[in-house]
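This report describes selected side-chain interactions, packing and strand pairing in one protein structure. The sequence and the coordinates are shown first.

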Amino acid sequence: MVNFKALKAVQTLTSHTNQISDLIITPDGETLISASFDHSIKLWSLKTGKELRTLIGHTEVVWSLALSHDQKTLISGCDDNTIKLWDINTGKELRTFTDTQRVVAIALCPIPSSQGIFASGSGDKTVKLWPLKTGLLSKLIGTTPIKILKGHNGTIQALAFSPNGQILASGSHDSTIKFWNVSTGTLISTLTGHTDTIESLVFSADGNILISASRDRSIKLWRVNTGEELRTLKGHTNYVNDIALSPDGKILVSCGGDGMIKVWDINSGKEISSVLGDKDAVNCVAFTPDGNSLISGTWNNTIKIWQ
């Protein structure tokens, strides 16, 4: 179990040749997947720390990752203006979607009955909904988005679906957060309060609260149905790059350009502890599904496992 009051790095994974941009963990807790500025995606055994496979195909920074419900298909968004689907078991590239500009954010709709829908956030200031299909069916439905959501005035940096899959939240370089109706593609509301780029978004398990992290060095909690700003968490002295909720929903972890990893009590908003995660910056954090480990990706090309 993670000791939130005294985080300790128990293992460091090294193989990437540039900074880590995103981390996801398979629901069975066995495999860690990392994206990097070195244009690659790597799969690691969390049990042994060994590198299992490297996915090569992108030609620029790979920014964001998501995994299909059946854990068979990996989705990646990249600075090369593409989204790629990969067979996670073989490493084979299955198909490519081409966007108009760099793809910074990817999110999977959490409802399997959605027929497989994922969202992307692009440098063209739009959010796009895409079909998650592979094989023969993918040839029939093509490679065009299902919907294009317009309203932001800057690059889309962060995306998150509500647990019921009905609302999509988007965060942008324009400092705003927008809620979208997934079925209709219409704008529900716009949240204002941050003063710089939104870097990360996370819904609470019940879908009632949205948590946002920003380059303005703050974290904010919002009530989803009203858009009311509930609380602001301050402590980072540089960009807040990413946030992650513990599986039980009680603990929020944040990381930033100040190199710090901070642990917060989500109910009180109080900082529980803080540890130096990297001498320069920590770009991303993720919990293992059992909550027993925290994983961080750094500016200095390393992945650290904390307990």
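Apart from its neighbours within four places in sequence, Ser218 is in contact with His194, Ser212, Ala213, Thr232, Leu233, Lys234 and Val240. The model is a predicted one. Ser218 belongs to strand β20. Its relative accessibility is 4%, so Ser218 counts as buried, the limit being under 20%. The side chain of Ser218 also makes a polar contact of 2.7 Å with the side chain of Asp216.

**Salt bridges**

Across the whole structure, a search finds 10 salt bridges.

| Asp124 | Lys128 | 2.7 Å |

With a relative accessibility of 14%, Glu199 counts as buried, whereas Arg215, at 21%, counts as partly exposed.

Where do Asp124 and Lys128 stand, buried or exposed? Both residues of this pair are buried. They also take part in a network of salt bridges that links Asp99, Asp124 and Lys128.

**Nonpolar cores**

The largest nonpolar core has 15 residues, of which Leu7, Val253, Ile261, Val285 and Leu294 touch the most other members. Strands β23 (251-256), β24 (260-265) and β26 (282-287) each contribute at least two residues to this core. Leaving aside neighbours within four places in sequence, the contacts of Leu294 include Leu7, Val253, Ile261 and Val285. Other residues in contact with Leu294 include Val2, Ala286, Phe287, Lys304, Ile305 and Trp306.

A second, separate core consists of 14 residues, among them Ala107, Cys109, Leu129 and Val182. Cys109 has a relative accessibility of 3% and so counts as buried.

**Cysteines**

How many disulfides does the structure hold? The structure holds zero disulfides. Cys78 is in no disulfide, and the nearest cysteine sulfur, which belongs to Cys284, is 15 Å away. Cys78 is buried, with a relative accessible area of 0%.

Strand β2 (residues 20-25) is mostly covered, as six of its six residues are buried. Five bridges join β2 to strand β3 (residues 31-36), and the two strands run antiparallel. Within this pairing, Asp22 stands opposite Ala35 in β3. The two strands, β2 and β3, form a hairpin with five residues between them. Gly29, in the turn of this hairpin, has a positive phi of about 75°.

Note on methods: Residues are numbered from 1 along each chain as its sequence is written. This is a predicted model: local features need pLDDT of at least 70, side-chain atom pairs count only at pLDDT 80 or more; totals for chains, interfaces and linings use all residues. Side-chain values use heavy atoms; hydrogens and water are left out. A salt bridge is a side-chain nitrogen of Lys or Arg within 4 Å of a carboxyl oxygen of Asp or Glu. Buried means under 20% relative accessible area, exposed over 50%, partly exposed in between (1.4 Å probe, protein chains only). Helices (H or I, at least four residues) and strands (E, at least two) are DSSP runs, numbered from the N terminus. A polar contact is a pair of N or O atoms within 3.5 Å; within protein, one must be able to donate a hydrogen and the other to accept it, and residues adjacent in sequence count only if both atoms are side-chain atoms. Contact means heavy atoms within 4.5 Å. A nonpolar core is a set of buried Ala, Val, Leu, Ile, Met, Phe, Trp, Tyr and Cys residues joined through side-chain atoms within 4.5 Å. A disulfide is a pair of cysteine sulfur atoms within 2.5 Å. Two strands pair if DSSP finds at least two bridges between them.
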